[in-house]
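Take a walk through this structure, one contact at a time. Keep the sequence beside the view as you read.

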Amino acid sequence: MTVRRFLSRYAIYVALVVECAVLALATDAFFTVGNLENVLRQNAFPAIIAAGMTFTILTAGIDLSVGSVVGLAGVVCADAIAHGWGLAPAIGAGIAVGVVVGVANGLVVTRVRIPPFIVTLAMMLVVRGVALKYTNARTISDLPPLLSPLSRGLPMATAMVIVFALAWVALERTAFGRHVYAIGGNADAAWLSGVRVNRVLMAVYVGCGACAGLAGVLVASRLNAGYPRAGELYELDAVAAVVVGGTSLFGGRGSIWGTLAGAFFIGILNNGLNLYNVSPYDQMIAKGVVLLAATSLDRWRTE
Amino acid sequence: MILGSLSASGLSKSYGGVPVLSGVDFDVRGGEVHALVGENGAGKSTLIKILGGAVRPDAGRVVMDDVPLPLGDPRRIRVLGVSLVYQEFTLIPELTVSENIFLGRECGRAWLRREAMAREARQVFADLDVDVPVHARVTSLSVAHQQMVEIARALASDTKALILDEPTASLSGREVERLLAVVARVKARGLGVVFISHRFEEVFAVADRVTVLRDGRRVLQAPAAALDRPTMIRAMVGRDVSEELPPRAIMPASSTAPREVVLEVQGLTAGTRCVDVAFSVRSGEIVGLAGLVGAGRTSVGLAIVGATPASGTVRIAGSTVRFRSPAQALAGGVAYLTEDRKRRGLFPLMTTSANMTISRLGAFARLGILSLAREREAVTSAARDVGIRTAALSQLAGTLSGGNQQKALAARYLLGRPLVLILDEPTRGVDVGARSEIYALMNRLTAQGLAILMISSDLPEVLGIADRIVVMREGRVRGELARQAATPDTVMALATHA
C-alpha cells in the first residue's frame, strides 16, 4: 500500500493519534482521567451534531440550521422541566423540536427543490428567532436538578456511542445507507435506479435534526438552563468535523468514523490549546488553519 | 502553407505501477487524417491527453515541426498549435457561440469588440460549410452544433494539429456525415487530424492512416487503404472475432404458438418528443427503436418507466399500468438502462458490486439489516451471467472500462428479474470485444423469455440484432419493419423524411 493510498484512508486517524501523543508527551495535564473526561464531555454533543451532519453532506446537501436547533431544543427541554415535566418527556420534547425542523427542511428541499444550503440557512434564522421569541431572549434557569446527571462523562459518552453505533449501522448495513451514498454520488442515476430519493432525503434531514435536538438537550443539561443563544456557530463546527473527517462536500464519499475522529481531532486541539493557555482568538485562528490544511490534504490525496 | 507535423516518440505512462502506455510512437502530418483505434483501456485516451498536455508522460517526447512541446502544459501546447476536442465538451453553456470561441483571447482589451468576434466566428463556420448561429447561447444548441463550436474554437486559434476524441459517439447518421465532411475540409486546409472512433465505417471513410493500440502498445500502423475490418478487429482484440454480431435466430413465426405480448404501448404522449406512440414487444423478442438522435426514442423509454410525466396506455403482460417513477416501474417488471452511463447510470464512487445491487437491496435485508454475505453471493452469480470478472466487483465503478460499466448496469437491472428491459444505446462507448459479449447476453436473455426494447442509433446493430424495427422521427412512430424487410435504406427513409 502506497503512502498516499494509506493516507487517503486513514489520514484523520493518524492525525488524531499523533495529536494525542504530542499532547501526552508535552503536557502533564492532558493524559489525566479528569482531563480526558472533560474532553469527552465537551465533545460528545458536537460529535453527535456532526454525526447527523455527515448524512446530509453525504447526499451532497448540508444542514445549517443545527446550531439554532440546539438553542430551541434546549429552551423547550428546560421549559418542560420548569413546568414540572419528567426527564424522559422533556428529553423527548427537545428531540421532537429537531424532528420538526428536520421535516420542514426535508419538505422544502424535496418538494420546492431549493438547494439545502439556502433552505437550512433560512431555517437557521427562523429557528433562532423562535427560540429568542419563546424566551423573550431570557435564559430559563433555576431548574430542578433533573437534567444535571446527564452532563457527566458517562451519560454523555453513552449517548454519543449510541448515536454513532446507530449511524454506522444505518450507513453501512442498511439499504437506506447505500441510498444515501448513491444520491450523493449521482442523484439522477439513483432516481432512475428506483431509489426513492425524496423519501431518503426526508429521512436524512429528520435524522440530522433529531441529532441536533438531542445535542440541544445535552447542552441544556450542562448549563442546567435553557439559553436561547446556545449553539451559535455549532453548524460550522459540525461541518468542519465532517470535512476534516474526510467526507466530501460534493457528496457520495466519506464515513461516520471519520466524522467521529474529526470531531475529536478539533475538540482535542481546543483542549490542548487551552492547556497551554492560548487565547480564544488564537484558537480560532488555529482551527481555521487546521481546516484548510485538512482540506488541502484531501485535494492532494484524491488527485 | 501550414506545416503541422506532430510527432511523438517513445511515450510511456503508468498509473500506480500499472503501465497504460509503453513506448508508443505516433505522428500525424499536415493534410492527413490519422485514425487511432483500440478497445477501451488500450491507451488511446492517455495518448491524446499527453499530446494535448492534460497528462505528463513518464518518458518520451513530442515535437511539433521540430519544436519540442512543453509536456503537461495544455495552455502552451495549444498556443504551439495542438488542439484537443474532448468527448465531454469544455464549452461554457451560458455564453454565446462566439464568446466561447474567443474565450481567453477576446478581441479588444477593456471594451470587447463583439462584432469583430462574431464576424470571425461566422467566417470559420462558413469555411466549414456549417450553419451555427454565432450569437446563440451554447446551451440552446444541439450536441452536433456544440461539437462544431469546439472545432471552430480550435480552428480560430491557428491550430496545426486537431485531435478529435470520439467525435461521432453522440451523433446520429446525418450528423456523422456532416462531421466527416468537416473533417475532410479541415484536412484540406492543411491541418493534421487525429481521429478516434469505434466505428470502422467512419475510419475507412476519412482516415489516410490507421494506428491500432492494444494494452498500451502500438500493434498496427498502416495506410487505411491497405487494411480491412477483420485485420483491424484482430489487431484490436488480439484474437479472431468472427464479426461483431453473433447470429440471431429468427423468431419462430406463428407456426408455433405466438408468444405473449409483454409490453404494449398505445397513444403514449410526453411533450413534443413522444407523440401518440404505439408499438408492442413480445416475450423473447428484441424490438429495435431506430431513428436519428433527437427523434424522441429516449423520451419514449423514459415515459414508459414513469421518469417523465406522460399520457396514454402502457400494458405489461396484459394489465394496464401507470408508473409514476422508475421505482414503480422496476417493481412492475420494467427496467430502463440509460444511454448516458456517466450522468444517469453509474455511481462512480461506489464499488461495482454496490452499483449492481442498488435497485434490489431489499432482497438482501432482514429486519432492515443487509446481509453482506447474501449480497456477495447474488453479485458473484450475476457477474458470471453478464461476464464481469470477480476481481472487478470490489473496484470503484468509475475505474471500469466502458464495456464493464455497461455490463454492471445490465446486471443491476437483471437482478430484479424484469419482464421488459429497455436498453438505450446498449453499446455506446463499448469496445468490440465487450460489444459482442453484450449481444450474446441479449440473445441469452431473450431465449429465457425476456422482452427487450433496444434504442439504438447504430444501424448495423439494429439491423443485425432486432427481430422487428420501429422507426421514429420527430417524436412519432413513422413505421415498423420486419427483420427481413429492413435494410439500411428502408430504415433511413423512414427516419429522415416524410
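**Helices, interface and cores**

In chain A, Ala170(A), Leu171(A), Glu172(A) and Arg173(A) of H6(A) meet Phe176(A), Gly177(A) and Val180(A) of H7(A). Contact here requires C-beta atoms, placed from the backbone, within 7 Å. Helices (H or I, at least four residues) and strands (E, at least two) are DSSP runs, numbered from the N terminus.

This is a predicted model: local features need pLDDT of at least 70, side-chain atom pairs count only at pLDDT 80 or more, and totals for chains, interfaces and linings use all residues. Residues are numbered from 1 along each chain as its sequence is written, while chains are lettered from A and ligands numbered from 1 in the order in which they are written.

By class, the contact of H6(A) with H7(A) has 4 nonpolar, 1 polar and 2 charged residues. Ala, Val, Leu, Ile, Met, Phe, Trp, Tyr, Cys and Pro count as nonpolar, Asp, Glu, Lys and Arg as charged, and the others, Gly among them, as polar. The axes of H6(A), residues 153-173, and H7(A) come within 5 Å and cross at roughly 70°. Those axes are lines fitted to C-alpha atoms, for helices over the stretch in contact, with angles from 0 to 180 degrees between N-to-C directions. H6(A) and H7(A) are therefore roughly perpendicular (65 to 115 degrees).

Now turn to the partner chain. 18 residues of chain A are in contact with 24 residues of chain B. On the chain A side, H7 (175-185) and H8 (187-192) are the elements that give two or more residues. H7(A) gives the most, with 5 residues.

Next, the interior. A residue is buried if 20 or more other C-beta atoms lie within 10 Å of its own. A nonpolar core joins buried Ala, Val, Leu, Ile, Met, Phe, Trp, Tyr and Cys residues through C-beta atoms within 7 Å. Of the 185 residues in the largest such core, Ile48(A) and Ile49(A) touch the most other members. Helix H9 (197-223) of chain A gives the most to this core, with 16 residues.

Finish in chain B. In helix H1 (44-52) of chain B, 9 of its 9 residues are buried, including Lys44(B) and Lys49(B). Gly53(B) follows H1(B), with a positive phi near 95°. The buried residues of H15(B), among them Arg435(B) and Tyr439(B), pack against elements including helix H13 (372-386) and strand S20 (451-455) of chain B. Gly449(B) follows H15(B), and its phi is positive, near 105°.

Definitions and conventions:
Two residues are in contact if their C-beta atoms, placed from the backbone, lie within 7 Å. Angles under 35 degrees count as roughly parallel, over 145 as roughly antiparallel, 65 to 115 as roughly perpendicular and the rest as oblique. A residue is buried if 20 or more other C-beta atoms lie within 10 Å of its own, exposed if 12 or fewer, and partly exposed in between; C-beta atoms are placed from the backbone.
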